[in-house]
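Have the viewer open as you read.

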Amino acid sequence: MSLDVAVAVPFKQRGTDQLGEGEFVVALSLDRDWFSPDQAKRLIDVAAGRGLVSRDDGNVVAEFDPAGVTVPEDYEPDQSILREQSAFERILDALVADGHDKQSAVADVNDVQRRLGVSVEAAAALYAKQHGVEVGDAAQKAREEL
């Protein structure tokens, strides 16, 4: 969730779903003082990898509805959001967001992995599918890692 919120802020601040890359970077680095300019650029890369934004001719385009994201008044992003999450981490986040207990989900995914002899990413994608949890492009990434 934190990544979604951090990415939504510049769009919400300007009331748009498309910003120039420089404008996006300035909003996060100078206006908010959350990141250095290089870190703000890294955030764009991470967000693009998660499908939250796309790049179009020097612009950053929101692939979600920024207006629909609630930003807590005292929100400040943690630096850990600059790290690209693995497919497994993204699937696990989706499971937890759907109400699954994190520890139980990890144990169940590990069991699937052992029984089928597949990667943890593939096991997590299968487990999520069996439980009706939408995991977006993380399932495709898990498939590619097979």
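Is Asp 33 buried or exposed? Asp 33 is exposed, with a relative accessible area of 61% (buried is under 20%, exposed over 50%, partly exposed in between, using a 1.4 Å probe and protein chains only). This is a predicted model, where local features need pLDDT of at least 70, side-chain atom pairs count only at pLDDT 80 or more, and totals for chains, interfaces and linings use all residues. Residues are numbered from 1 along each chain as its sequence is written, and side-chain values use heavy atoms, leaving out hydrogens and water.

Asp 33 also has a positive phi without being a glycine, and so does Asp 57. Here are the two of them:

| Residue | Phi | Loop | Relative accessible area |
|---|---|---|---|
| Asp 33 | about 55° | between helix 2 (21-31) and helix 3 (37-49) | 61% |

Helices here are DSSP runs of H or I with at least four residues, strands are E runs of at least two, and both are numbered from the N terminus.

Now for the helix pair. The axes of helix 4 (residues 87-97) and helix 5 (residues 102-116) come within 10 Å and cross at roughly 130°. That makes helix 4 oblique to helix 5 (under 35 degrees is roughly parallel, over 145 roughly antiparallel, 65 to 115 roughly perpendicular, and the rest oblique). On the helix 4 side, Phe 88, Leu 92, Leu 95 and Val 96 make the contact, meaning heavy atoms within 4.5 Å. Helix 5 brings Lys 102, Ala 105, Val 106 and Val 109.

How values were computed
Axes are lines fitted to C-alpha atoms, for helices over the stretch in contact, and angles run from 0 to 180 degrees between N-to-C directions.
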